[in-house]
Amino acid sequence: MSQAQDTETVQEDGIINSVSGPVVTAADLDARMNDVVYVGDEGLMGEVIEIEGNLTTIQVYEETSGVGPGEPVENTGEPLSVDLGPGMLDSIYDGVQRPLDVLEQKMGSAFLDRGVDAPGIDLEKTWEFTPEVSEGETVEPGDVVGTVPETVTIEHKVMVPPDYEGGEVVSVEEGSFSVEETVVELSTGEEISMHQEWPVREARPAGEKMTPTDPLVTGQRIQDGLFPLAKGGTAAIPGPFGSGKTVTQQQLAKWSDADIVVYIGCGERGNEMTEVIEDFPELPDPQTGNPLMARTCLIANTSNMPVAARESCIYTGITIAEYYRDMGYDVALMADSTSRWAEAMREISSRLEEMPGEEGYPAYLAASLSEFYERAGLFQLFNGGVGSISVVGAVSPPGGDFSEPVTQNTLRIVKTFWALDSDLAEKRHFPSINWNESYSLYSQQLDPWYRENVAQDYPEVRQWAVDVLDEEAELQEIVQLVGKDALPEDQQLTLEVSRYIREAWLQQDAFNDTDTYCEPEKTYRMLQAIKTFNDEAFNALEAGVPVEEISNIDAAPQLNRMGVAEEWNEFIDDLENSIEEQIRELY
Amino acid sequence: MKEYQTITEISGPLVFAEVDEPIGYDEIVEIETPQGDTLRGQVLESSDGLVSIQVFEGTGGIDRNASVRFLGETMKMPVTEDLLGRVLDGSGNPIDGGPDIVPEERQDIVGAAINPYSREYPEEFIQTGVSAIDGMNTLVRGQKLPIFSGSGLPHNDLALQIARQATVPEEEEGGEEGSEFAVIFGAMGITAEEANEFMDDFERTGALERSVVFMNLADDPAVERTVTPRMALTTAEYLAFEKDYHVLVILTDMTNYCEALREIGAAREEVPGRRGYPGYMYTDLAQLYERAGRIEGRDGSVTQIPILTMPGDDDTHPIPDLTGYITEGQIMMDRDLNSQGIEPPINVSPSLSRLMDDGIGEGLTRGDHADVKDQLFAAYAEGKDLRDLVNIVGREALSETDNKYLDFADRFEEEFVQQGNDTNRTIDETLEIGWDLLSMLPKEQLNRIDEDLIEEHYREDEGESETVEATAD
């Protein structure tokens with residue numbers, strides 16, 4: 001969290017009037033909406049959320065036990081902001097961008113104490129700055145003035161802050177500097193350092209939003225294969241507890257081909273965040289082979305951390321994402337879970353005694369959700385480049401009921417819907433994304449990419465799989481009544497084929513070292529192999545071979561082993577040949 | 001310390017009093033009734049001149065002349081290693097007739113959140129000796145794994161069985177002088193009869209001397225229930241992170257705890273959330289459940305097994321629903337299995353352990369564990385699906401393989417899940433039963449298991465005759 005530095009206007013301190021959980025009111029405080037204030041003798045961080053006459057209402061980002069009326073409230077005069085600069089990757093923050101490792105050191109305890117603040121980036125550390133402009137050049141807001149090697153994977157670009165005027169460069173430095181030292185000076189007197197601040201509730205400006213045409217390749221078959229997400233697109237993953245939301249989110253964070261990943265653990269489990277913290281530095285990035293952590297920024301506000309900081313962690317995350325987008329990177333942001341964020345809004349709102357909307361959520365729930373998702377997109381940048389933010393939000397509907405307000409308001413905005421299904425999870429079919437309910441509105445605009453980069457007939461093969469799965473859903477209703485053997489032979493065969501689509505292709509083992517990531521070519525070839533079986537089998541059926549003999553060929557169960565096959569190209573070649581051979585032998 | 005006789009309103013468990021000094025949020029209050037009783041309470045809201053107080057023992061006997069004292073501190077739990085072997089009431093006062101507790105420290109019962117950066121990821125397998133848990137939904141140290149049950153189901157027996165049998169086999173084999181094991185038992189609103197059942201078992205097995213028992217019975221004040229689990233967890237954290245114990249915390253019944261929250265919410269005239277429960281119930285429950293785990297550099301651990309009875313056996317009810325979103329899985333008790341006499345009646349399909357995958361496998365349990373588990377889940381699900389169909393079309397209409405799945409599902413319940421409350425199975429025994437059952441199915445149906453493992457463990461004699469038939473027709 002950014003500390004207030006300019007104290008040109010000395011603010012009047014206020015006095016606490018009342019305390020109720022995270023909501024505190026103060027009298028005689030001279031503050032604007034959304035100003036950050038320090039509350040009580042311990043200086044707990046809070047934010048102004050309502051002003052009524054002489055009373056200011058503050059949501060406090062820390063536990064308020066023991067805080068009482070009469071204690072002082074100090075205003076910083078600045079809105080809640082994040083520190084932006086090199087050092088954010090490979091970091092883990094709480095909901096107001098305090099680095100958790102620094103907090104541990106400062107507090108000297110494994111438990112989170114109160115009233116300790118720390119800047120979001122290390123202000124002392126020096127970075128190697130290489131200028132990209134020279135004296136006399138004119139720069140405008142958003143322009144890159146130099147670069148810093150931030151991690152092994154990512155080159156950090158130092159930009160003219162968007163709220164600067166810009167002008168002619170009068171002096172440029174090169175070498176090692178701390179983030180607060182000036183590296184470029186402009187004729188307007190503006191000084192550019194590697195450190196920027198930006199208020200989290202305000203979107204960073206960018207140029208025009210464009211239509212995304214490239215997929216965010218996730219390495220997950222059901223996502224890449226059936227319901228793709230575009231780079232710059234939005235997706236929602238709703239599902240009841242135990243259906244695998246978090247594993248799905250983590251798989252995306254690990255394997256998607258974004259340049260930068262911002263992972264927000266919003267009101268979720270502490271142990272899960274620890275798993276991410278322990279795993280990511282060791283896992284290799286599939287694109288570069290460097291540690292995953294080198295492209296990842298983690299925000300962990302677990303369920304037992306203060307509720308107001310849970311409300312703000314989503315904004316902290318998206319602001320960091322926007323900053324990297326401005327450098328021209330493709331950023332993927334995972335928010336797990338947006339329901340906890342909505343509940344935090346509900347909790348604060350009810351403490352403010354606002355008139356509740358549906359199910360106690362505030363009336364502005366829909367507006368807040370759409371404001372957040374609208375910060376995603378593929379953008380033309382002011383500096384001429386292109387950058388994108390893809391947002392994937394998990395939703396935790398109570399009782400798994402998708403008709404509740406958070407799910408419904410989210411679905412009105414997002415264009416990809418990955419519906420998790422507890423029945424599938426109970427059968428340990430993972431990822432338990434229901435193929436009948438899910439959809440992606442990006443499929444068509446991404447088709448040209450798939451044709452060009454994977455296979456010419458990719459969209460057709462995908463459509464074939466969708467059709468088979470649809471037909472299966474219909475047939476299953478009949479099977480429930482009369483049993484499978486009562487169906488005509490061709491329909492029995494369809495069921496057999498769809499079973500392979502489900503078990504060999506849609507199912508993917510996140511815990512298997514090979515299967516956990518599946519490149520689009522492999523996704524395509526696996527499906528093509530099942531289609532080969534399908535085509536050969538139907539030919540044989542027409543020639544009069546009984547369905548049982550066809551499905552009992554030795555090669556067929558090998559389809560289930562394609563996912564874990566390391567040398568998959570050879571494996572699938574061999575498998576397709578033996579399927580052809582063995583079926584043709586039957587007639 | 002100032003005394004006030006300024007009570008303006010008494011409503012349900014709440015008392016409102018006027019004050020002329022600042023009072024801190026969450027501060028502890030003592031109220032003396034005209035009869036001379038002292039009641040304790042906590043500040044729920046503090047504004048200039050007026051505080052609302054939630055009284056733990058109930059507001060009976062308080063009138064407007066009662067005097068109110070503010071103690072100037074938040075609720076603390078006196079902790080010491082000597083608590084082991086003691087029985088306390090729901091507010092932490094000894095009720096076993098033993099000596100007074102001389103605390104080593106007094107700790108805030110609200111408890112700060114563990115910094116996620118300081119946590120250590122739990123991956124030490126705990127063998128509970130119950131196949132349905134060890135084999136299918138493995139518990140690990142530092143996990144929070146609730147039992148979702150219903151009224152009249154034997155969840156207490158299961159909790160006791162786990163408390164009795166839980167060991168970490170690795171440490172035992174290695175002869176390592178592992179940290180000591182302690183049980184903290186927090187009872188909220190359970191009946192005196194249930195309480196006796198627990199106490200008898202603790203005494204019979206000698207477990208009491210390594211336990212701390214907190215008892216809030218059904219006829220104790222409801223509001224006190226909001227304090228009991230916090231007392232229990234504060235004690236657990238102290239024993240685990242300062243005295244290096246491996247602590248197992250059993251909290252029963254979380255449903256009563258949530259009812260108490262609702263009661264307070266209603267008395268405060270808050271805007272209610274689903275089914276009248278307060279909107280902050282998720283946060284409140286998280287502040288309890290998240291107090292489980294391991295901390296880097298400390299030897300101890302806190303493992304939680306909260307028990308809750310689902311109203312109407314409905315797992316979408318807010319209490320199980322919010323719990324499931326916070327805890328790392330759940331163990332589901334099943335009424336049908338119970339009436340079939342399966343003991344323990346655990347339905348493995350909707351049960352789940354999220355931390356299982358890192359706690360099993362070579363070196364932890366056995367190399368084939370993960371594959372066997374996946375296959376058992378899939379085969380059992382298939383068998384259960386077919387049961388519906390069999391009711392309509394009869395067994396004869398099903399194929400040979402389908403019939404095998406049906407038999408598999410039956411035997412799975414009767415041999416794998418069924419084991420009795422006094423049987424303690426090692427993980428090897430559990431997995432061998434798993435292989436016995438899987439060998440009923442033709443080899444090529446075992447598509448979740450690595451082929452080498454099938455070669456190693458598959459019982460040819462049990463499956464052979466059927467396998468030949470299945471491929472012949």
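Gly142(A) sits in the loop between strands β10 (138-139) and β11 (144-149) of chain A, where strands are DSSP runs of E of at least two residues and helices runs of H or I of at least four, numbered from the N terminus. The model is predicted: local features need pLDDT of at least 70 and side-chain atom pairs pLDDT 80 or more, while totals for chains, interfaces and linings use all residues. Residues are numbered from 1 along each chain as its sequence is written, chains are lettered from A in the order written, and side-chain values use heavy atoms, without hydrogens and water.

Gly142(A) counts as buried because its relative accessibility is 15%; buried means under 20% relative accessible area, exposed over 50% and partly exposed in between, with a 1.4 Å probe and protein chains only. Not counting residues up to four places away in sequence, Gly142(A) touches Met159(A), Val160(A) and Asn383(A), contact being heavy atoms within 4.5 Å.

Helix α15 (568-584) of chain A has 17 residues. The buried residues of α15(A) include Trp568(A), Leu575(A) and Ile579(A). The buried residues fall within an arc of 100 degrees seen down the axis, so they line one face of α15(A); the arc is that of directions from the helix axis to the C-beta atoms. They pack against α13 (520-542) and α14 (547-551) of chain A, while the face turned away carries the exposed residues Asp574(A) and Glu581(A).

Leu559(A) is in contact with Leu575(A) and Ile579(A), among others, leaving aside neighbours within four places in sequence.

Note on methods:
The expected span of a helix is 1.5 Å times one less than its number of residues.
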